[in-house]
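Welcome! Here is a short briefing to read alongside the structure, moving from confidence to a sheet and then to a helix.

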Amino acid sequence: MAKNLLIVESPAKAKTINKYLGKDFQVLASYGHVRDLLPKEGAVDTEHDFAMRYEVIERNEKHVDAIAKAAKVADDIYLATDLDREGEAISWHISEILKERGLADGKKLHRVVFSEITPREIKAAVAAPRKLSLDMVDAQQARRALDYLVGFNLSPVLWRKVQRGLSAGRVQSPALRMIVEREEEIEAFVAREYWTVEAQLKHAEGDFSARLTKLHGKKFEQFDLTNEADAMAARAALKDAAHGQLTVSEVGSKERKRRPAPPFTTSTLQQEAARKLGFGTTRTMKIAQGLYEGVSLGSEGNVGLITYMRTDSTALSGEAVDELRQLIARDFGGKALPDHAQVYRTKSKNAQEAHEAIRPTSAMRTPREVAAFLNDDQRKLYELIWKRTVACQMIHATLNTVSVDFDLKHVKGGDAAFRATGTTVVDPGFLAVYEEGRDQKSAEDDDEGRRLPRLSKGEQVPLKDILADQHFTEPPPRYSEASLVKALEEYGIGRPSTYASIIQVLQNREYVLLDNRRFRPTDVGRAVSKFLTQHFTQYVDYDFTAKLEDELDAVSRGEEAWVPLMKRFWEPFKQQVEEKTESVDRSEATGARELGTDPKSGKPISVRLGRYGPYAQIGDKDTDEKLQFASLRPGQSMHTITLEEALELFKLPRKLGQAENGDEVSVGVGRFGPFVKQGSTYASLKPEDDPYTIELPRALQIVQEKLELLANRVIQDFGNGVQVLNGRYGPYITDGDKNARIPKDQDPKELTEAKCLELLAAAPAKKGGRFGRKSAAKGAPAKKAAAKKTATKKAAAKKAPAKKTAAKKTAAKKAPAKKAASKKAEA
């Protein structure tokens, strides 16, 4: 039996490390977090110094038991979870579980950290363990307690005032506010017209263009020409004065140097992977996690290819820099090496957590060498990290910018001038390997790579034409994943490890949608943000959120105690929650708008946020007995819809005509979307069908398809609750309680009752989805019927009480989640 137990977070990491430490070590995985707060009110005791009540996470119970079993016989226990604050907390939770079970008595608990999974680094870490950092643990506990208190106290207020099932988050809410405020900027934006003027010039070495820089004797500004008449008048005056040529008045040349970008931090990796690879933040982190934990490199076995991927440091170790310089000299020549190593200072104030930047564990493992062992996503991300890291230690790029001015005298209204610019690369330096992406291009980017012909002062260049072009100013762009991460980092909201989860939560809650890779808030998201911004201003304030993050950092460094921090936050927050629960009106909280009056009835038309999303309403609930409702169409927003657009919504339901059997056919929109109705048959419209324009023949076709589907649904029915059905994903067997797959080599039509019962007996209990567990109540009748018919079912019926108790226990434990799920399904 191994004398030493080493615990990491993931099985992939355990597999890689296991071969480095020899037979004296057993390496086990915790599978992430092992404990969390009880999912009910009172898990954080605000009356007694925010004492926290934890329980082992159900899905990880077996892994915790395996760790406990191994710890019982081990002499030394090494806690080797991730080296950030969250990893420190996981190690602490494991140590607390072992202490509670009496398994830590007389044993040494060591904390080991490493930023890369290589034999050298792992052995060095195990040889030099340290104690658990309780300051880092306190910081993580404080963060968890804050998130819990905000969620458990603010979410019920949103349920009452905005919509049931909503939730608020301490860090996600300011991020949502950013996206909503940007949308409001775009809606409030008024485009301004402006005109640019450009000279098209001919030259033997190549044609080129020059921009107007001076007009009427003064510098030409963006809004000097704002209509077609003025622009055409200026163009005509310039052409008249030029007489078919422009004269070079000045030639300037300026050499400049561009330094390489620093190596990746979590934030910059997420931004660049979004720009260059089109990866979302969650996808980037998942791929990076795999590269860090280890990839099988054939005969080498599992090897960690990159350093730890949650970091805000741009520092590189001396050994890494030495290896990078060797590689650059070998592959790019001595000229590509600067005299001294490039040093990058980290912006992080948190010295305890300022590890290395994200880099390859060995730069000598080039992307080409490892490509055969990686999947497509891994290869792309590894290549991005490798190139950026190599480039950061290469010589700067030298660029030469040439500008040529053309003065034009005797123009009606005053002198004018044009300028042509071009930038050429004198020495690419690091650009030979890597260039950082940008969210928006500048005029400087347009000039790069443009070569100008050789021109000298006094030279006359033939003029082909002068063009005047109309433009309109554009609103600020919506946030992409890259620009949102950049903004979160600049504001100090969240930390490297949380950016991906912030974005994921906003999407999961359907507060925002990705539209052409840009975030657009939903009406629900806007209502939540507006409510929180108006009534809990401080808690979605960027500076407040950033200051709280800084205070948590101070706790992790041991400069501040966490309980006083919690008290400063909790007391005013609790008071505000109580006050707003009583004082805020619901219709004001949801952002309801009155659009005008219905021309037919004279009643008011408004848009509101309801249980199933935004809708239009004709009438006033206080004065009208009967109200009319209509759901908004996909893509419409209650914040921008007009009266005319709202009136269109009430054209549904539409009568389309009659079927051959005399049934009336109509189309409408219900809780589950647009549908066509023929007699008592309802059929959902396909995504390409529009309920406002669909005609009778197409509607009849959709109904016919539905009827055929229903007719063909039952393949076999044995009369005892057991059926063979055609499902959404193909044929399957069901008894109303369990579903079973049909083996590929079996024909569903030829299955016997005995074979079906055999397959059902072997089928797993339902967990949701196609073969998911239905509620006990739903499955009971079918089960009872089957029990009467067969001995097998009789035996099952005998065991019912035990099953019932187990089901009750599980149901009680999981009540909140189930409740939320049912709400979601209902919606």
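Over residues 350–354 of this predicted model, pLDDT stays under 50. Even so, the model has 16 contacts beyond four places in sequence for residues 350–354. Where pLDDT is low, the predicted coordinates should not be read in detail.

**Confidence**
- For the chain, the mean pLDDT is 86, with 90% of residues reaching 70 or more.

- Look for 4 antiparallel strands that make up an open sheet, in the order 28-29-30-31.
- Strand 28 (714–717) and strand 31 (739–741) are at the edges; each has a single partner strand, so one side of each lacks a neighbour in the sheet.
- From one strand to the next, the twist averages 30°.
- Strand 28 pairs with strand 29 (residues 723–727) in the antiparallel sense, over 3 bridges.
- Val714 has Leu725, in strand 29, as its bridge partner.

**Helix 6**
- Helix 6 (residues 172–188) has 17 residues, so at 1.5 Å a residue it should span 24 Å; its end C-alpha atoms are 24 Å apart, which agrees.
- Its buried residues include Gln172, Pro174, Leu176, Met178, Ile179, Val180, Arg182 and Glu183.
- Among the elements covering the buried residues of helix 6 are helix 14 (481–491), helix 15 (499–508), strand 18 (512–515), strand 19 (518–521), helix 16 (523–535) and helix 17 (542–556).

Note on methods
Residues numbered from 1 in each chain as written. Predicted model: local features only at pLDDT ≥ 70, side-chain atom pairs only at ≥ 80, totals over all residues. Heavy atoms only, no water. Pairing = 2+ DSSP bridges. Helix = DSSP H or I, 4+ residues; strand = E, 2+ residues; numbered from the N terminus. Axes fitted to C-alpha atoms, helices over the stretch in contact; angles between N-to-C directions. Expected span 1.5 Å × (residues − 1). Buried < 20%, exposed > 50% of the residue type's maximum accessible area, 1.4 Å probe, protein only. Contact = heavy atoms within 4.5 Å. pLDDT = per-residue confidence, 0-100.
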